[in-house]
Amino acid sequence: MPASDITLYTAATMNGWKPLVFLEEAAIPYTLAAVDFGARSHKTPEFLALNPNGKIPVLVDHSNDDFAVFESGAMLWYLAEKYGRFLSEDAKLRSETLQWLMLQMGGVGPMMGQTMFFRRFAPDAGQASDSALTRFTSESRRLFEVLNTRLMGRDWLAGDAYSIADMAMFPWVRCHSWAGVSIDGLDALADWIVRIDARPAVQRALQLPAPAPRFLAEYELEAC
Ligand SMILES: N[C@@H](CCC(=O)N[C@@H](CS)C(=O)NCC(=O)O)C(=O)O
């Protein structure tokens, strides 16, 4: 029998931290399976059987017939429903939370991911593009302005409680300086980063899994 109901395959990345934050916040016992990108274990047939997309994070719920969940947004939603935490039962608040979660998954994550690629990786890979960097940086900044406006006069993205929407958004926004996306003048967003960063469970999650993948160290992600 597995030591805990949940096994989480993950790495120290923006998407990889999201379910770690939930599990640490809710104090759910879990088995951490650190994925080493260098070893390409996330491209093996065994891993692809869990996530055909070959990416982390992936969660396996042993208490539910070893049900596998991929896509970090779907994973946060699954965990919220399973444990009854961080997602309101109220229909409107629940929808509001999922709207901000989807904005992270469909907007902030992809835009920030491309910004990071074109700023940090493309030049070394011979794929530098000034127009792509400009486009993704300005779209990320525009999305940050949307978040800032939303957070004016409120502590959290949805309703009046910390939720899976905040958990999903935080790792990406936190790394704004590494991505080269300014948050100058976005005071409500800056305060929200500090508010979440101060949570002990978040700090625990951000240390996992250790050691960080080599590429993060090479690119000084600790500066983010
Ligand atoms: N939309 C997916 C994105 C997953 C993703 O891009 N994972 C990255 C790390 S953040 C990964 O596994 N990269 C390794 C690779 O593509 O080989 C999610 O939110 O789970």
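# Briefing: domains, strands, cores and pocket

The protein chain is divided into domain 1 (6-86 + 205-223) and domain 2 (91-198), with bounds that come from an automatic or database domain assignment. This is a predicted model, in which local features need pLDDT of at least 70 and side-chain atom pairs count only at pLDDT 80 or more, while totals for chains, interfaces and linings use all residues. Residues are numbered from 1 along each chain as its sequence is written, and side-chain values use heavy atoms, with hydrogens and water left out.

**Domains and cores**

- The C-alpha centres of domain 1 and domain 2 lie 20 Å apart.
- Domain 1 puts 21 residues into the contact and domain 2 puts in 23 residues; contact means heavy atoms within 4.5 Å.
- The largest nonpolar core has 63 residues, of which F22, F144, L147, I164, L189 and W192 touch the most other members.
- This core lies between the two domains because domain 1 and domain 2 both give residues to it.
- A nonpolar core is a set of buried Ala, Val, Leu, Ile, Met, Phe, Trp, Tyr and Cys residues joined through side-chain atoms within 4.5 Å. Buried means under 20% relative accessible area, exposed over 50%, and partly exposed in between, with a 1.4 Å probe and protein chains only.
- L147 is in contact with W100, L103, V108, L157, M169, V173 and L189, leaving aside its neighbours within four places in sequence.
- A second, separate core has five residues, including A11, V35, F47 and V58.

**F47**

- F47 is placed in helix 2 (residues 45-50). Helices (H or I, at least four residues) and strands (E, at least two) are DSSP runs, numbered from the N terminus.
- With a relative accessible area of 5%, F47 is buried.
- Not counting residues up to four places away in sequence, F47 touches Y9, V35, S41, H42, G54, K55, I56 and V58.
- F47 and P2 are 45 residues apart in sequence, and their C-alpha atoms are 18 Å apart in space.

**Strands 1, 3 and 4**

- Strand 1 (residues 6-10) and strand 3 run antiparallel and are joined by four bridges. Two strands pair if DSSP finds at least two bridges between them.
- Strand 3 (residues 58-61) also pairs with strand 4 (residues 67-70), in the antiparallel sense and over four bridges.
- L59 has L8 opposite it on strand 1, and its bridge partner in strand 4 is V69.
- D61 stands opposite F67 in strand 4.
- In a regular strand the side chains alternate between the two faces of the sheet. In strand 3, V58 and V60 point one way and L59 and D61 the other way, and all are buried.
- Strand 3 and strand 4 form a hairpin with five residues between them, and D65 is in the turn.

**Backbone details**

- D65 lies in the loop between strand 3 and strand 4. Its phi is near 55°, a positive value in a residue other than glycine.
- At 74% relative accessibility, D65 counts as exposed.
- F86, in the loop between helix 3 (72-83) and helix 4, has a phi near 65°, also a positive value in a residue other than glycine.
- F86 is buried, at a relative accessible area of 13%.
- The peptide bond from I56 to P57 is cis, with omega near 0°, and P57 is found in the loop between helix 2 and strand 3.
- L208 and P209 are joined by a cis peptide bond with omega of about -25°. P209 is in the loop between helix 9 (200-206) and helix 10 (214-218).

**Largest pocket**

- The volume of the largest pocket is about 870 Å³. Grid points are joined across faces, edges and corners, and a volume is the space filled by probe spheres set on the points.
- On a 1 Å grid over the protein atoms alone, a pocket is an open set of points where a 1.4 Å probe fits, with protein on both sides within 12 Å along at least five of seven lines; lining residues have an atom within 4 Å of a point.
- The lining has 27 residues, and those closest to the pocket centre are T13, N15, K55, I56 and W172.
- Helix 1 (14-25) and helix 4 (91-121) each supply at least two residues of this lining.
- Helix 4 gives the most, with nine residues.
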